[in-house]
Amino acid sequence: MCGIVGYTGFQDAYDIVINGLKRLEYRGYDSAGIVLEDTNNSFEVKKTKGKVSDLVEISENLKATSHVGMGHTRWATHGVPSDRNSHPHVSNDGKIALVHNGIIENYDTIKTMLIGKGFTFSSETDTEVLVNLIQYILDTQKINFSEAVRYALNEVYGAYAITVMHKDYPGVLVVGRLGSPLAIGLGDKEYFIASDASPFVEFTKEAVYLEDGHMATISLEKGVEIRSIKENEIIEPAIQELKLSLEQIEKGGYEHFMLKEIFEQPKSIQDTLRGRLLVNEGIIKMAGIWDHLDRINKAERIIIIACGTSWHAGLIGEYLIEEYARIPVEVEYASEFRYRNPIITEKDIVVAISQSGETADSMAAIKLAKEKGAFIYGICNVVDSSIARFSDAGSYTHAGPEIGVASTKAFTAQLTILSLIALKLGKHNGNLSNAEFMRLITELDNIPKKVEEVLKSTHDYVKEIAHDFVNSTNFLYLGRGFNFPAALEGALKLKEISYIHAEGYPAAEMKHGPIALIDENMPIVIIAPKKGHYDKIVSNVQEIKARKGKVIAVVNYGDEQVASMADYVIEIPETSECFSPIVASIPLQLLAYYIAVYRGANVDQPRNLAKSVTVE
């Protein structure tokens with residue numbers, strides 16, 4: 001997590017670093033800091049607990065004072081959010097400054113050694129240990145700054161992205177990466193460093209994405225020199241053209257990024273389908289599947305690994321693939337999968353789902369699976385991300401940048417990709433007839449329009465409903481079949497951004513425990529489309545009403561049975577059961593959003609969370 005920005009060039013470094021940190025604040029926002037190199041090659045350091053706006057209040061006097069600097073916005077790991085634990089951290093001799101994203105797992109051993117050498121520490125962080133290790137290496141060995149950073153990185157283990165400055169090496173930034181993303185923007189007589197490309201998108205369209213185990217020394221005189229951290233071999237940089245635009249990472253008139261991203265879903269789903277779903281030709285074109293079709297179809301099982309919202313998408317993917325392709329599927333939390341000695345063979349297909357493509361647990365899980373001979377298929381939203389590069393094949397969602405920490409459009413784009421995969425496999429292996437395949441792909445092609453219709457028809461009403469539940473302390477979300485995972489996701493959205501406790505359950509399981517919670521104060525959101533297990537859902541609603549629960553029902557247009565019993569009725573268009581989670585998720589996202597807004601919560605930056613989880 002955490003966001004890193006660095007700059008060396010001819011512009012005002014303060015403006016570039018501060019504006020870059022604002023764009024990266026989705027990665028962490030409990031503290032922030034900046035360090036600039038002044039005209040005397042001295043450091044000006046400002047850092048504080050709180051958000052980037054708090055940093056601006058104490059550092060505005062640094063504006064227009066430097067052309068070289070770096071900054072950091074933090075998600076706390078080692079040490080509570082505080083001024084002293086904020087980055088940048090400076091070495092004991094005051095000559096080296098460092099910002100860091102990740103975790104140094106052996107920091108305590110190194111810290112003990114450094115204390116024995118006379119070093120002192122003012123923070124609780126692993127980062128301060130690393131910056132002082134670099135000083136110690138420089139003090140004791142006849143090597144230069146860049147070499148000292150490389151030596152230090154070979155002494156640590158864990159995950160990191162770092163940027164380092166040294167007073168005796170003016171205008172130089174040294175960066176390194178293992179497990180956490182880092183991009184280098186290539187401008188005209190200027191260079192940018194950032195955790196992703198958003199801080200420098202208006203200045204250049206060329207970037208180098210640092211590979212795992214690589215470091216770079218960056219200066220105006222020598223440009224970008226990339227080396228492997230272990231072998232010290234020079235690496236030729238692979239320059240990529242950025243597809244990101246400035247308008248994609250701005251709010252566009254919406255109050256929050258989350259609301260903007262909810263309303264972008266008709267487009268993001270359509271963009272994910274574009275070029276892949278060709279209804280007029282009756283085909284699905286997916287190179288990642290087509291090139292490996294036999295191996296995938298001959299798989300003894302598919303294992304889907306993911307975390308959080310992506311795990312919920314994976315559960316729906318299990319239903320889709322087993323229903324239409326008839327291949328056994330298991331869905332695993334990546335964080336548990338890697339630690340439980342799983343049975344993996346060469347006949348397995350492992351599908352990793354991640355919005356960022358950098359999720360640490362998912363990366364570790366697929367590395368384990370690959371060592372066992374499994375075929376790795378990645379589904380992610382970020383081009384050239386770690387999971388994308390490590391996978392044997394894969395599919396990008398085309399959701400565009402998702403800045404709001406609570407995922408919305410990335411989730412529905414993942415469901416779109418999983419739907420395409422299931423239908424393509426089912427058609428190829430003969431489990432889907434031509435008529436059924438055409439019916440389903442025609443319906444899938446109509447999903448963007450139905451999502452747009454839901455946004456228009458339910459937005460104002462959901463906003464009204466939200467008023468009535470601002471002071472609720474618990475919620476229960478229920479669904480059956482394909483919509484059970486949608487209930488899990490609806491509950492997750494509410495708890496993430498409103499801080500109301502919410503649980504998702506299969507509706508049939510309500511009688512096996514959760515029904516004890518139901519009384520006149522318990523709101524229950526129930527997803528009840530006509531297709532699927534409608535009669536069973538009707539019985540569940542009757543059981544809830546017999547105990548005076550408050551029912552918010554998501555039903556199809558014209559529903560009578562559930563609507564007649566529910567306290568609040570949100571109508572959505574009818575669709576095939578397998579696609580109903582995409583359509584039904586929209587009002588659930590809106591409900592969570594408006595309840596959080598009315599409670600005064602920070603919707604885009606909910607407490608304790610960050611967008612890209614690059615640490616365990």
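Colleague: How much of the protein is buried?
Modeller: Buried residues account for 61% of the 616 residues. Buried here means under 20% relative accessible area, exposed means over 50%, and partly exposed is in between, using a 1.4 Å probe and protein chains only.

Colleague: And where does this model come from?
Modeller: It's a predicted model, where local features need pLDDT of at least 70, side-chain atom pairs count only at pLDDT 80 or more, and totals for chains, interfaces and linings use all residues. Residues are numbered from 1 along each chain as its sequence is written, and side-chain values use heavy atoms, with hydrogens and water left out.

Colleague: How many helices and strands are there?
Modeller: There are 19 helices and 27 strands. Both are DSSP runs numbered from the N terminus: helices are H or I with at least four residues, strands are E with at least two.

Colleague: What about the radius of gyration?
Modeller: The protein has 26 Å, which agrees with the value near 25 Å that a compact globule of 616 residues would have. That radius is taken over C-alpha atoms, and the globule rule is 2.2 Å times the number of residues to the power 0.38. Along the principal axes, the C-alpha atoms fill a box of roughly 80 × 55 × 45 Å.

Colleague: What share of the contacts join residues at least 24 apart?
Modeller: 72%, among contacts between residues at least 6 apart in sequence. A contact means heavy atoms within 4.5 Å.

Colleague: OK, sheets now. What's the order in the open sheet of seven strands?
Modeller: The order is β5-β6-β7-β8-β12-β13-β14, with antiparallel pairing. β5 (89-90) and β14 (234-235) are at the edges with a single partner strand each, so one side of each has no neighbour in the sheet. Two strands pair if DSSP finds at least two bridges between them.

Colleague: How many bridges join β8 and β12?
Modeller: Five, in the antiparallel sense, with β8 covering residues 173-178.

Colleague: Is H214 buried or exposed?
Modeller: Buried, as its relative accessible area is 16%. H214 sits in strand β12, residues 214-219. Leaving out residues up to four places away in sequence, H214 touches G176, R177, I226, R227, S228, I229 and I235.

Colleague: I226 is on that list. Which strand does I226 lie in?
Modeller: I226 is in β13, residues 223-228. I226 is buried too, with a relative accessible area of 3%. From C-alpha to C-alpha, I226 and A216 are 4.2 Å apart, though 10 residues separate them in sequence. The residues I226 touches, again skipping those up to four places away in sequence, include V208, L210, M215 and P237.

Colleague: Switching over, what's up with β21?
Modeller: Strand β21 (residues 375-380) is mostly covered, with six of its six residues buried. F375, Y377 and I379 point one way, while I376, G378 and C380 point the other.

Colleague: Which strand do six bridges join to β21?
Modeller: That's β20 (residues 348-354), and the two run parallel. V351 is the residue standing opposite Y377.

Colleague: And helices? Where is I586?
Modeller: I586 is in helix α19, residues 580-598. Its relative accessibility is 0%, so I586 counts as buried. I586 and F263 are 323 residues apart along the chain, yet their C-alpha atoms are separated by 9.0 Å. Not counting residues up to four places away in sequence, I586 touches Q265, V451, V454 and L455.

Colleague: Where are K189 and N341 found?
Modeller: K189 is in the loop between β9 (183-186) and β10 (191-194). N341 is in the loop between α11 (334-337) and β20.

Colleague: Are they buried or exposed?
Modeller: K189 is exposed, at 66% relative accessibility. N341 is exposed as well, with a relative accessible area of 66%.
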